[in-house]
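Visitor: I have a model open and would like to go through some of its local features with you. Shall we begin?

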Amino acid sequence: MEVGTTTATLEERQQPGSEDSNKDNAGRGPTPPGGPDSKSQSGKPAPERKRSRNLSEDRRFKLFSGTANRPLAEEIARHIGVKVGEAKLQRFADGEVYFQLLDNVRGVDVFVVQPTCYPVDQHLMELLVMIDALKRASAARITAVVPYYGYARQDRKDRPRVAISAKLIADLLTTAGANRALFVDLHAAQIQGFFNIPVDHMFSSPVLVSYFRELNLPNLIVVSPDAGGVERARHFAQKMGAPLAIVDKRRTDINVAEVMHVVGDVKGKTCLIIDDIIDTAGTLVKTVDALCANGAASVHACASHAVLSGPAIERIAASRLEQVVVTDTIPLRESAQKLSKIKVLSIAGLLGAAIENIHLETSVSTLFS
């Protein structure tokens, strides 16, 4: 079979003499429990090998990345002191994904970083193929680290004869071989219930709250752009010590929204809109218009996932928004990087700490206490 010209090699080979250059003696995995080395010379069982708190020295830990957000994976790796695992990802001439692990993962606790952002289906298929390869290479545990969960907005039957795609993706990840999953700011927290494997749901709020506390915006009020985001906005408002307002929104079609009215007093105040996703920015700019029409002094916005599809960049640029703050769960396209109104905060440290805690079997919830 010939492989097409589109090639994405995930990591250059490690230097000779490095920890994994010999691939565990020509691919031989660690001796399984009960093997010839499981007892000491005295006949007593050998003590169980503990996971090292220094992940750079822990041969039972590996971090791999797809092509969706390689910079985020590399930054996570730097935070926890490891290298991104060595693998080869290529595409056949017709677009089929070909993935090969170049590191031995037998008996290893593996984490795969891959948001399912644009192009969603391509990156989702990459993730599924990577998980399948890890499963067939006898990884001890596979954790899918999905900073942005595509199809999350299709989480229920809101109209007749539609799919619940969020559930379908959960089934695909589990069937591929994922043993647990790590997400950031799911569109609906109930999506965790679609999985029959452990799910860790992270929030970007610690990073965003810290940033806006430093800004110390005067006369601040936090705004939810719709009724569905009230819980998220209320939590943010409590952290900021600010009041809460809600914009009543009626959606007429996919990616089309009509803002009705503002619930709460925003006159003369600095408004901070909180959302999980900015897609076409239609909801965002109409919310800004509604707030300004009700006397808001200035409007800022923040969101976890900067999808920014279609006319989003143009809409934000032409709006009365002072600033839009997003995280790096999704890499910004070039036009968004050039827009001075958009600021990106990194959640690599937060994800790195969560990955480390999961590997060491310690609490993830402590990261938010």
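Visitor: Is S138 buried, partly exposed or exposed?

Guide: S138 counts as partly exposed, because its relative accessibility is 30%; buried means under 20% relative accessible area, exposed over 50%, and partly exposed in between, with a 1.4 Å probe and protein chains only. Please note that this is a predicted model, in which local features need pLDDT of at least 70 and side-chain atom pairs count only at pLDDT 80 or more, while totals for chains, interfaces and linings use all residues. Residues are numbered from 1 along each chain as its sequence is written, and side-chain values use heavy atoms, with hydrogens and water left out.

Visitor: Where is S138 placed, and what is its phi?

Guide: S138 is in the loop between α3 and β6. Its phi is near 70 degrees, a positive value in a residue other than glycine. Helices (H or I, at least four residues) and strands (E, at least two) are DSSP runs, numbered from the N terminus.

Visitor: Which residues of α3 are buried?

Guide: Among them are H123, L124, L127, L128 and I131.

Visitor: How does the span of α3 compare with expectation?

Guide: The 17 residues of α3 should span 24 Å at 1.5 Å a residue, and its end C-alpha atoms are 25 Å apart, which agrees. The expected span is 1.5 Å times one less than the number of residues.

Visitor: On to the sheet. What is its strand order?

Guide: The open sheet has five strands in the order β2-β5-β6-β7-β8, with parallel pairing. Its edge strands are β2 (61-65) and β8 (199-202), each pairing on one side only. Two strands pair if DSSP finds at least two bridges between them.

Visitor: How many bridges join β2 to β5?

Guide: Five bridges join β2 to β5 (residues 109-113), and the bridge partner of F64 in β5 is V112.

Visitor: Which peptide bond is cis?

Guide: The bond from Y118 to P119 is cis, with omega near -10 degrees. P119 lies in the loop between β5 and α3.

Visitor: Lastly, where is N219, and is it buried or partly exposed?

Guide: N219 is in the loop between α5 and β9 (220-224). At 48% relative accessibility, N219 counts as partly exposed, and its phi is positive, near 50 degrees.
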